[in-house]
Amino acid sequence: QTEEHDSGLKAGLLKSCGTCRVLVGVTGSVAALKLPVLVSQLLQLSGVDIRVVTTEHAKHFYNPAEVSVKVYDDKDEWELWTQRSDPVLHIELRRWADLFVIAPLDANTLGKIANGICDNLLTCVVRAWDTSRPLLFCPAMNTAMWQHPITAQQVSRLTEFGYVEIPCIAKKLVCGDEGKGAMAEVSTIVSVVKQYLPIPDESSQKTSM
Ligand SMILES: CC(C)(CO)[C@@H](O)C(=O)NCCC(=O)N/C=C\S
């Protein structure tokens with residue numbers, strides 16, 4: 001391939017991937033301890049820009065010093081908006097993100113999203129989400145919670161909205177229970193995100209062979 005072609009290809013890839021903005025949502029499951037690893041693995045995807053939105057309960061499980069990107073919380077929402085002309089953070093974030101992945105999605109936030117409750121920054125972003133953009137969710141909860149009949153009802157409501165489930169897996173959970181409810185492995189989450197990122201339009205890069 002000629003030099004120009006290569007540089008054009010790279011420029012094309014960077015341009016389309018330069019805008020691959022991934023918003024990571026994190027909620028109050030113990031699986032939130034995986035946030036630093038998830039963010040560092042997502043950052044290895046080429047041309048990806050990452051921000052995190054956290055609930056208050058999620059903060060219990062990870063150390064923000066180990067998360068190398070901006071983490072937005074409820075306080076940021078209220079500090080940003082103090083008068084009419086100020087921007088609204090959850091609207092800024094829904095505009096910014098090309099893809100939203102909620103990992104982990106705890107039982108409480110699953111219930112809120114299934115019913116349109118938006119009482120914090122994360123659920124407000126979901127409530128305002130443009131469903132033409134991918135929203136992926138990774139349920140994580142104790143097996144007893146997972147097995148409660150309401151869980152399946154609420155998960156199917158989210159899939160009806162067009163959101164994509166990255167299913168939980170069976171493991172020996174941190175509380176000693178054995179069974180489903182563990183968050184999907186980080187490697188699985190990263191490969192599903194990769195699948196849903198806006199890919200460059202191949203036809204624009206075809207050369208006359
Ligand atoms: C934490 C991790 C990832 C360790 O492998 C795994 O146990 C998990 O996803 N647990 C989430 C389920 C949960 O929230 N359990 C809460 C009470 S048992």
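Buried means under 20% relative accessible area, exposed over 50% and partly exposed in between (1.4 Å probe, protein chains only). The views show a predicted model, in which local features need pLDDT of at least 70 and side-chain atom pairs count only at pLDDT 80 or more, while totals for chains, interfaces and linings use all residues. Residues are numbered from 1 along each chain as its sequence is written, and side-chain values use heavy atoms, with hydrogens and water left out.

**The open sheet has six strands in the order 3-2-1-4-5-6.** Strands (E, at least two residues) and helices (H or I, at least four) are DSSP runs numbered from the N terminus. The pairing in the sheet is parallel; two strands pair if DSSP finds at least two bridges between them. Strand 3 (71–72) and strand 6 are the edges, and each has a single partner strand, so one side of each lacks a neighbour in the sheet. Helix 2 (residues 35–42) packs on the sheet and touches strand 1 (20–26), strand 2 (48–54) and strand 4.

**Strand 5 (residues 135–139) is mostly covered, with five of its five residues buried.** Leu135, Phe137 and Pro139 lie on one side of the strand and Leu136 and Cys138 on the other, and both faces are covered. Strand 4 (residues 99–105) runs parallel to strand 5 and is joined to it by four bridges. Within strand 5, proline 139 is the residue opposite leucine 105. Two bridges, again in the parallel sense, pair strand 5 with strand 6 (residues 164–165). Valine 164 in strand 6 is the bridge partner of leucine 136.

**Valine 53 belongs to strand 2.** Its relative accessible area is 0%, so valine 53 counts as buried. Beyond its neighbours within four places in sequence, valine 53 has contacts (heavy atoms within 4.5 Å) with Leu23, Val24, Gly25, Val26, Tyr72, Phe100, Leu121 and Leu122. Between valine 53 and leucine 135 there are 14 Å in space, C-alpha to C-alpha, and the two are 82 residues apart in sequence.

**Helix 5 (residues 107–114) is mostly covered.** Six of its eight residues are buried, namely Thr109, Leu110, Gly111, Lys112, Ile113 and Ala114. The cover over these buried residues includes strand 4, helix 6 (121–127) and helix 8 (149–160). After helix 5 comes glycine 116, with a positive phi near 70°.

The polar contacts shown are pairs of N or O atoms within 3.5 Å. Serine 29 places a polar side-chain atom 2.7 Å from an oxygen atom of the ligand. For lysine 171, an N or O atom of the side chain is 3.2 Å from a ligand oxygen atom. Methionine 183 takes part through its backbone, with a polar atom 2.9 Å from an oxygen atom of the ligand. On its own the ligand has 470 Å² of accessible area (Shrake-Rupley method, 1.4 Å probe), and the protein covers 85% of that area.

Definitions and conventions: Polar contact = N/O pair within 3.5 Å; in protein donor to acceptor, adjacent residues only side chain to side chain. Axes fitted to C-alpha atoms, helices over the stretch in contact; angles between N-to-C directions.
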